[in-house]
Amino acid sequence: MTDEGAYVSISDVLTPDLLHRIRERAPGYDERNEFCAEDLDELQQAGYLKALVPEEFGGLGWDLRQLVETQRRLSAYAPATALAVNMHHVWVSVGRQMVRRGHPEFEQVLTESSEGHIFAFGISEPGNDAVLFDSSTAAQANDDGSVSFTGTKIFTTLSPAWTRLGLFGKDTAATGEEGETPLIFGFLPREAEGWRAADDWDVLGMRATHSNSTLLDGATVPAQRIVRRLPTGPNQDPLVFAIFSSFLTLLSAVYTGIGDRALQLGAEHAAAREALTTGETLDQDPDIRYKLAEAQLRQLALDAQLRSIAAEVEAGAEHGPSWFPRLVTLRTTATRTARAVLDAALGTSGGAQYRRTSELSRLYRDALAGIHHPSDDESAHRTLANYLLGPLK
Ligand SMILES: Cc1cc2nc3c(=O)[nH]c(=O)nc-3n(C[C@H](O)[C@H](O)[C@H](O)COP(=O)(O)OP(=O)(O)OC[C@H]3O[C@@H](n4cnc5c(N)ncnc54)[C@H](O)[C@@H]3O)c2cc1C
């Protein structure tokens with residue numbers, strides 16, 4: 001709502017002019033391997049970083065379905081910018097779910113987002129295939145309730161801009177006894193000492209995210225910013241569900257937006273190319289039409305899946321043990337579909353689109369990043385196999 005009490009719609013925030021500027025800047029960020037700073041500033045000024053924050057905490061009061069739709073739209077203009085801002089939205093979505101479920105320690109995410117703070121996602125660690133269920137970062141609990149973290153976080157998107165880093169580590173005093181909760185989650189303020197961002201982001205695609213490694217050396221999170229303690233190993237804690245459901249749904253929105261744009265470009269290129277043999281444009285060629293139609297078929301199937309999962313996460317649907325299989329299926333389908341649609345668009349658009357400066361080429365590189373996000377292909381299949389066949393003996 002605005003001060004006058006009017007509802008702020010998606011196109012009030014992501015105006016056509018703003019989206020146009022964001023699309024114009026995307027190739028330059030990619031070419032120069034530059035962080036999407038102007039995009040982030042403009043999105044912040046437009047109120048987009050508080051989109052999901054409930055009105056009572058000073059936000060726009062959108063729900064997850066609206067944010068998913070908007071992230072998808074933004075990604076069709078600049079995937080890397082959408083992925084960068086996604087990490088902030090993930091924490092806001094987590095905060096919103098946790099507060100709803102009666103965990104007021106997460107209110108700080110909502111109030112601080114509406115005050116202009118930018119949250120980053122400091123979860124991934126080198127070689128940590130347990131992802132959320134164990135940590136190689138040492139967490140030393142201090143007498144005053146604060147916790148000091150030492151270790152390496154990799155791929156910290158928004159590294160030049162975050163003001164709060166949501167992170168976790170493992171209690172150095174843990175003994176491994178049954179019932180312990182050694183994994184400690186908190187939000188590190190940027191002004192804290194004992195950390196630095198490495199300058200190690202030079203990658204194939206999604207270059208504007210600047211997901212540099214974060215080196216923690218006794219970085220201390222004050223007591224009031226420590227929000228949860230969890231056991232190691234898979235568990236059903238609400239925080240685990242909040243992180244997985246927010247992350248996987250919003251990530252899928254970004255990759256669905258890439259597919260939307262690829263289809264649009266594929267159709268435009270087909271309409272613009274004329275065959276010497278027939279004198280007709282390629283959008284009249286039955287083979288080209290079939291290939292693009294097949295890509296559209298996959299994209300529309302994903303569209304339905306994304307919308308329904310976003311609505312069900314928002315509604316708190318009861319899927320019991322099938323929730324995680326559903327979420328990893330969405331994420332796997334979204335990233336695979338983006339690549340498949342791009343294959344079709346590139347395959348029907350002619351050799352000119354293989355140029356490094358072509359938007360389709362850039363989207364292809366961006367879409368490849370989808371391989372690496374959790375839950376990766378092997379992990380998703382483990383989840384699905386366990387659901388269907390039971391755990392490995
Ligand atoms: C564009 C993009 C943005 C991302 N943004 C975020 C984010 O904001 N927050 C977040 O938490 N995650 C983020 N991720 C990270 C992602 O979730 C994965 O964790 C990441 O891709 C690493 O995957 P991996 O473990 O397969 O990589 P690996 O290739 O196995 O490892 C990555 C790095 O760790 C080192 N390493 C691997 N194994 C070991 C070992 N045993 N000991 C020491 N070093 C080792 C490697 O040398 C390499 O430098 C992002 C990923 C991408 C592609």
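1. Which element gives the largest share of the shell around the ligand? Strand 3 does, with 3 residues. Helices (H or I, at least four residues) and strands (E, at least two) are DSSP runs, numbered from the N terminus.

2. This is a predicted model: local features need pLDDT of at least 70, side-chain atom pairs count only at pLDDT 80 or more, and totals for chains, interfaces and linings use all residues. Residue numbers start from 1 along each chain as its sequence is written.

3. Around the ligand there are 19 residues, of which Ser124, Pro126, Gly127, Phe155 and Thr157 come nearest (C-beta atom, placed from the backbone, within 6 Å). Two or more residues each come from helix 5 (79–100), strand 1 (119–122) and strand 3 (147–156).

4. By class, the shell has 10 nonpolar, 9 polar and no charged residues. Ala, Val, Leu, Ile, Met, Phe, Trp, Tyr, Cys and Pro count as nonpolar, Asp, Glu, Lys and Arg as charged, and the others, Gly among them, as polar.

5. The ligand lies between domain 2 (120–230) and domain 3 (238–389), because both give residues to its shell. The domain bounds come from an automatic or database domain assignment.

6. Helix 7 (residues 238–272) and helix 10 (residues 359–368) have axes that come within 11 Å and cross at roughly 155°. Axes are lines fitted to C-alpha atoms, for helices over the stretch in contact, with angles from 0 to 180 degrees between N-to-C directions. Helix 7 and helix 10 are therefore roughly antiparallel (over 145 degrees). Tyr255, Ile258, Arg261, Ala262 and Leu265 of helix 7 make the contact with Glu359, Leu360, Leu363, Asp366 and Ala367 of helix 10 (C-beta atoms, placed from the backbone, within 7 Å). This contact has 7 nonpolar, no polar and 3 charged residues.

Note on methods
Angles under 35 degrees count as roughly parallel, over 145 as roughly antiparallel, 65 to 115 as roughly perpendicular and the rest as oblique. Two residues are in contact if their C-beta atoms, placed from the backbone, lie within 7 Å.
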